[in-house]
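I opened a notebook page for this structure. The entries below cover charged pairs and the ligand site.

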Amino acid sequence: MVADRLLLPCPISQREREAGSRCVVSMAANTITIQDPRNPHVRRTFTFDYAYWSHSGFVRNRDGLFAAEEPGGRYADQGSVFNDLGQGILENALQGYNATLLAYGQTGSGKSYSMVGYGPNKGLVPTLCERLFQAVRANQDSCQCQVFFSMLEIYNEQVIDLLSRGGRSLGGLRVREDQLRGFYVEGLRRVPCDSATRVEQLMEQGTRTRTTAATHMNANSSRSHMLIIAQLKQIFSKENITKQSNINLVDLAGSERQRSSGLEADRLKEGTAINVSLTTLGNVISSLADAALGKKAVHIPYRDSVLTKLLQSALGGNSRTVMIATLSPSDICYEESLSTLRYAERAKRIQNKAVVNESPTERLVKELKAENAKLVLRLSRLGQEGRKTEEETKELRRLLTHNEMQIKAIQTLWEQHLQEALKDWEMQYATITQERRMMQMHPYMLNINEDPQLSGVVKLFIQEGDWDVGLSDLAHIGTSRAIPIKGLGIQERHAVFTNEDRRVSVTPVAGAKVMVNGLPITYRTELQHLDRLILGSSSTYLFIGFPCERGADDWSRYDYDYFQSELAAAEGIHIPTLCEDQSQASGEPSVESSQTDPSLLAVFYDYIKLIPMVTEANQMSQELSKGVEFKLEIKNLAMSDCRGRDLEKDIAVRVTSLENKQVWMWSKAKFINRKFLMEEVYHQQKQQQQQAESALGEGQGSGSKRLVLARDRDPFWDPLEPLHLGSAHLWLQSLAFRIPLEEQVEVLGPEGTEEAILQAQLLPCSPMGLPLGEEDILIDPTELLGKRLDFQLFLEQCCGLRWLKEAKNRGVQIGLRVYDCPQSFYTPAVWHNANPLLEHRVHFSAMRTSQDLLNYLQSSALVLELWGLQEGCADMVSSLEGLRLTPEGSFIIDKASAPDPSMLECPASVSDLRSSLRALHQDMEQLRSANAALRKENSSLREQLNRGPGPEGGRGRVERHGSLRPSCDAELARALKVFYHSMTSLRAQLQRLRRHRPSEEADLLGLRLFVDEQSRLLRDFGEQLELSVTALKQDVATIVRRKRERSGIWS
Ligand SMILES: Nc1ncnc2c1ncn2[C@@H]1O[C@H](COP(=O)(O)OP(=O)(O)O)[C@@H](O)[C@H]1O
Ligand SMILES: [Mg+2]
């Protein structure tokens, strides 16, 4: 039997839509096309057995059902999905085949919506059960039917029984293997069911268990797999046949991989045991797909994870299997959606051979009865023969009773089970009715979970009076009562809720974290209907006021993301701010910002996803006394590349050791990995602590002890590495004119803060490193083409280093990369000084300037990176591998213009060559000055020519010259040159002004003289500056006028 699969693009969530994300998935019949948002002409197409569109074209009708906007619209509602897939599964199961339904996709893409559903939009599981019991009732004359229902969760390779009545067992339930049954979960509760309502209630119970799970940290449910197993046994008494089938319904963990995780390996092993099951499922699917393609001897790694063990028969053998792959079609989910499509494509290749599981009924009973008869016979014979071997008789009697019991058990088990289940059900039903009544009477707090499927499950009622909310289930003072809650950062007594005079208020207990609507509170605060509360690190609740205040408002907008966006907004981060920052940084007007860049949106979502995780990490660090603090940052918020284009933004987490101010920057992927590992460590520690406490007896609270872990296992620790503190841009344009540049550039940190001032020079020079003179200044940069270009970068000093001001035991280095050099260069490290002298000079040479290099000079900057060093971390070292040097020892930057390699590869004669070269250079310098004189003449001739012919002629020449036309008008260049000269002398004046200080022992008169002198110098400087600028303005005006006159079109 061939497995079916389908695709179900889910609707873009409201928030994504508001934020202006685009849909990149389209669908025609069963074919899905996905478009790369950054590269719109890159499209990939996939075809599946079924594809469903539920992204647009639907309305919510009065009953809350989503349905197609118009009859026959493309929108696929839950009903049509069931008709195509659920119906088939049901029929298969009734025929005695095993059936499996898997939902795969990224968190939030609609797995649970498809499997379980929300409210009236029931998913496949409840509908399937409903129809199953309909079928059972319809056939009850010919066949007796037994349905057992189980629900479990696989988290971190542990199996948790979601229907268990007792507490959860440490380490979870065991998965065992049996020759007949294959793998099964030992001790998993199987609840007999006889109606769909019953199943729904069990699912509700399971969901509640998931919600109140002991772990209580974020993103857990998205990392766990939920498995529902319905066992169907049909006994056809007339035909003496029993058919048995297992229906596995699997809501898999979110498929999302951390985008950058592949790029850098963490020092610590991945803390993603959580996804061992998902990874193994992928491997099993790949191997099965290979096997289906005819590859021989493929090993199928079923045994590598709990999930694949339990699904072994479903995946590779005896089951009819359907995989639903769900997609979020918005541009920010592109990578994940593409990976989901590829996954589904692989799964498509698998071919299963399912068989009907039928056996003659009563065979076992008959066999047992026959055996009993034999035993009775033997017993009586033994009596007759008088050979009363007592032991034998005993043994035979024991066997007899055992068999009789077994027969009885088989017959009565089902009825017994049903009776028990009924009692259970009645109790639970009473609780549910009670809760419904309470909701109509009292205000309450409704849990909001990151997973919408688990939101609104827990209700904490605040009845009249004072209520202590916290870990403790004992009330504090005589009059107050207790509402126990669990969670990270929740204190024994966390807050007091008071319901008095039909008002509800909350008062945090000293030291407890309570936030209302995104802001921390410390005093008694009155709550309004629909206020958002965060208790401890990240336990989120929506406050539901008195019934009379409720109205018909829609609470669904207050989802988990809403809470986090509110926190982000309190920190000044919301989508509009990000956009403004970006447009400011790029110097563009912010008109465009409504069309948000998808990468920016992704950053925003990452940010709000990470807020609770960072809070939790901080709480764990505090409780385990790890002495480190985590803080979310947006990398590259104010950074641009060498062409001034914005760098892609990303999330980073700054980790600071509180004791010695050491700093680490973790990528998002690394942080998430570490957070998993921290959770593991934290739970271990808590368990040990509890055990120790109970061993010591009550009242011996151990407080928070510092957790000591070997460094190679400590998720809070990492070796120190140099940190990228910020960058400065040194624009290279002046080099194209061979004009020296001296600059004080600002080094900006990732978020736009000033990290330091860097004094740097770019000096065009001779191959030997002698500075060029003014006569070498070019009017037309294209003259450089094909010629050698030498320049030096001189890094003079770094001033006002913020990194050093924060802590003295630190150092810095400057790193840079030039043109197409594969390696970065680093200055030697300087330590313990906030204004260190660098005095570092590097000489670069292009042997034959290419057009490409020229373009680079005219449009790019040297990005000078400031790297922070901390005691104990290694310096950054320039790797000179792959770099080539000129005979004079400077670095060659233009690959295309490599000198004759033979010259480079004979080091023996280098010193001889050097001296002759030096002579040659002197000749060349002479030639150069002659050349300069000639060029001057040349340019004045050109100028005359320019002026000579009329406007037409001028234009004609421009066209003829095509690409050789200088990018800058010669006249303009000359004006600039004049301006530049005046600037050089002005700069000297400025330096003088800077250095000009009154002498230490100057008296009042001396100071007065100094001030007079200073004002004179300033006045001179101002006048000079004014003069130069006016001259430039006039020159430019003349040029523009002349140009207009010549072209005659702008008049
Ligand atoms: N086909 C759909 N139609 C309408 N809403 C949907 C659909 N699929 C998902 N949603 C909504 O998107 C949100 C996330 O879906 P959910 O099924 O919980 O995702 P997952 O289980 O994959 O993490 C839910 O609020 C759900 O109601
Ligand atoms: Mg889900």
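How many salt bridges does the structure hold? I looked this up and got 32 salt bridges, a salt bridge being a side-chain nitrogen of Lys or Arg within 4 Å of a carboxyl oxygen of Asp or Glu.

Note on the source. I am working with a predicted model, in which local features need pLDDT of at least 70, side-chain atom pairs count only at pLDDT 80 or more, and totals for chains, interfaces and linings use all residues. Residues are numbered from 1 along each chain as its sequence is written, chains are lettered from A and ligands numbered from 1 in the order in which they are written, and side-chain values use heavy atoms, with hydrogens and water left out.

Entry, Glu200. I found Glu200 in a salt bridge with Lys122, with 3.2 Å between the closest N and O atoms. Glu200 sits in helix 5 (residues 196–211) and Lys122 in strand 10 (residues 121–122), so this pair ties together parts 78 residues apart in sequence. Helices (H or I, at least four residues) and strands (E, at least two) are DSSP runs, numbered from the N terminus. Glu200 is partly exposed at 30% relative accessible area, and Lys122 is partly exposed at 31%. For these words, buried means under 20% relative accessible area, exposed over 50%, and partly exposed in between (1.4 Å probe, protein chains only).

Entry, Glu186. I then checked Glu186, whose side chain meets that of Arg176 in a salt bridge at 2.6 Å, N to O. Glu186 is in the loop between strand 14 (182–185) and strand 15 (191–193), while Arg176 is in strand 13 (residues 175–178), ten residues apart.

Entry, Glu633. I listed the salt bridge of Glu633 with Lys631 at 3.8 Å, N to O.

Entry, ligand 1. I counted 15 residues around ligand 1, of which Gly108, Lys111, Ser112, Tyr113 and Tyr118 come nearest; a residue is near if one of its heavy atoms lies within 4 Å. A backbone N or O atom of Gly108 is 2.6 Å from an oxygen atom of ligand 1, and a polar side-chain atom of Ser112 is 2.7 Å from an oxygen atom of ligand 1. Helix 3 (residues 111–115) gives the largest share of the shell, three residues.

Key. Polar contact = N/O pair within 3.5 Å; in protein donor to acceptor, adjacent residues only side chain to side chain.
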